[in-house]
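Work through these exercises with the sequence and the 3D view side by side. Try each task before you read its solution.

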Amino acid sequence: MANPVLQVQDLSTSFFTGDGEVKAVRNVNFNLFNGETLGLVGESGCGKSVTAMSILGLVQRPGKIVNGKIVFKGQDLVRMPAEELREIRGRDIAMIFQDPLSSLNPVLRVGFQIDEAMKAHDKVPADQIAQRGVDLLKEVRVPDAARRIKDYPHQFSGGMRQRAMIAMGLSNRPEILIADEPTTALDVTVQAQILELLRDLNQEMGTSIILITHNLGVVAGLCKRVIVMYAGEIVEEGPVDQIFESPQHPYTWSLLRSIPRIDADRRERLKSIEGLPPDLIALPPGCEFSPRCPFRIEKCFTQDPELETVGPAQRAACWVTMKRAYAEMGAADITDTRPGAASGIRPPKGIEARVADRRELNAPPLPTPASDE
Amino acid sequence: MLTRGTLIYIGQRLVLIVFTVVVVSFGVFAVVHSLPGNAFVSDRVHGQALQILLHEYGLDLPIPLQYWNWVKGIVLHGSLGVSLYIRGLPITPLVLRELSVSAMLGGSALIVTIGLGITFGVLAAVRQNSWVDYLLTSIAVVGYSVPSFVIASLGILIFGQWLNNLTQGALYYPEPWSGTYGSLAELSLPAIALGFYTSGQITRITRAAMLDVIQQDYIRTARAKGLQNRVVVIRHALRNALVPVTSILGPTVISIITGSVVIENIFGIPGLGKEFVESIFQHDYNVTVGVFTIYAILIGFANLAVDLVYTVIDPRIRY
């Protein structure tokens, strides 16, 4: 785990539309370590996919990487000439996409599309490409691979198409595989098979995987470390077990809380996060999650918190869970009542009632929707 | 590719073509024969003499019977009958020769149409909202807004009159026809004039289809594989964009056939279109009906060909 295979530093990507600059990704920093499985989670539109597309240089106009560095093998992918980046794409860093229905070209044979990925690069010798295509399909457990490789995508089932996508992504034995919602369009049993496949790849071939999903169950099943994104920023990151056990950012907590549980009281309503993610053109001042946050304090509306260490290898960007913030607020009267007081860190878990009291005392009223001027 | 289903489909379509051709040829046969006057007006024959002539060519029979005799001639002797203008001249060789001239022109126009149309459409889409896009789109709009005879006349004015030393007078076919199909110089202006209208339409549809396809997820997949941009555009995007383009190829071929009637007359090209117009004025019934029938057959087969091209371009389409 020592050396990062990919370093994303201060990455900001915006889309310049007629309505203004949509800041889809802002100041994102993270490392991907060798052989790691990293989850990237968040609601739709929080910048997960744009982050991935930025890594591969696939952001299309009107989108543009406005700042930051993406360092792979000592080279900055952001400033690399297009042709050099093309050679890395699909060869060293491969990506598989959600919705295998639309991600395969309908008029080209599956085998052709897999072989093409190898032909575009020089990693696989030309005379081995055809055989490797069949082997890959076998590897991803497509039955009767030698025959099915000549099929068109519409002759494949959804799960098989996703497997073919994975085969394509793996064809050049990439060092990094970015999987963007690889299981979203699939039913649960197929989902499990695909995840198992990814897990095997990671363990047997040592491929580092970035898994982009909004499904926390998928993250729990595959990843060791997770990054939670909200409104284009990282709000929390850390080891999966730890974050699931004690989420420190109210957004992470809300996400976890909204997972439907089979053992829940049937009369209980499904929990959701009220409100919508902010408009990325006109971001609210302070913490972007503050308008929806059940734990917010006054400070949240004016100052944007930065990522700070909140536990072993765990970082979160939230005033409420930050030691420093408590100190400023006069921690003395709060420390006694907090669970986890020994660590000086207060997990949002189970603090709902107490925070509700505090909201009455300190918190400003719920903001009215941004007025149109 | 030629599965059993496809063969059955082709068989059905052939039956349909035969049916269409019979209906069309009978219709035009009846209409042409009902025109006022007769084939021998210019010969100033009257009374008894006219009756004898009419009888000799079977023109005194009821129209359905005449049609039946005409069909029998085609089926039994492969003959479209004789000319009534140059009395007794068998028209089949004449019409076939003219067909070859027209096919040369129409084929060149189709190449111009598809070549220009698809190239322009792809370039405009790839450079969307740039000056390239605006220029090519404007050319396309001019193409399908200005009638072909205007383009042809302007072409003759510019290349035939003002820049005559460029073309060496090669714009006009020698009269009588020398038997050659015309040099590239002779063929190019008529072919461009004829193909300009349809190429405008193809540009428009190719551009729209490309813009749609470029947004598709599989294009992103192709880019993510590290394919070269050229490969992404041509192999992945254009291949898919050709499906809607193919669907207007049928009407395109029809446009070219009908347009050739005008263009051949303007440039004096001795093809089917010129013959068609002349035969109407000359009351040369058999020629008119023969040419019309050939047009019907051509259009029928063009549409069948288009439907078969679909299956080549898009494997999801099967009959």
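**Exercise 1.** Which domains does the domain assignment of chain A give?

Solution. This is a predicted model, where local features need pLDDT of at least 70, side-chain atom pairs count only at pLDDT 80 or more, and totals for chains, interfaces and linings use all residues. Residues are numbered from 1 along each chain as its sequence is written, and chains are lettered from A and ligands numbered from 1 in the order in which they are written. The assignment (automatic or from a database) gives domain 1 (4–223) and domain 2 (233–262 + 270–361).

**Exercise 2.** Describe how the two domains of chain A meet.

Solution. Step one: count contacts (C-beta atoms, placed from the backbone, within 7 Å). In chain A, 18 residues of domain 1 are in contact with twelve residues of domain 2. Step two: find the elements, which are DSSP runs (helices H or I, at least four residues; strands E, at least two; numbered from the N terminus). Strand E2 (20–33) and helix H9 (216–222) of chain A each supply at least two residues of the domain 1 side. E2(A) gives the most to that side, with nine residues.

**Exercise 3.** How many residues of chain B and of chain A does the contact take?

Solution. Chain B puts in 19 residues and chain A 23 residues. On the side of chain B that touches chain A, helix H9 (217–224) and helix H10 (229–247) of chain B each give two or more residues. H9(B) provides the largest share of that side, seven residues.

**Exercise 4.** Which residues does Ala164(A) touch, not counting residues up to four places away in sequence?

Solution. Ala164(A) touches Leu104(A), Val110(A), Ile114(A), Leu137(A), Val142(A) and Phe156(A).
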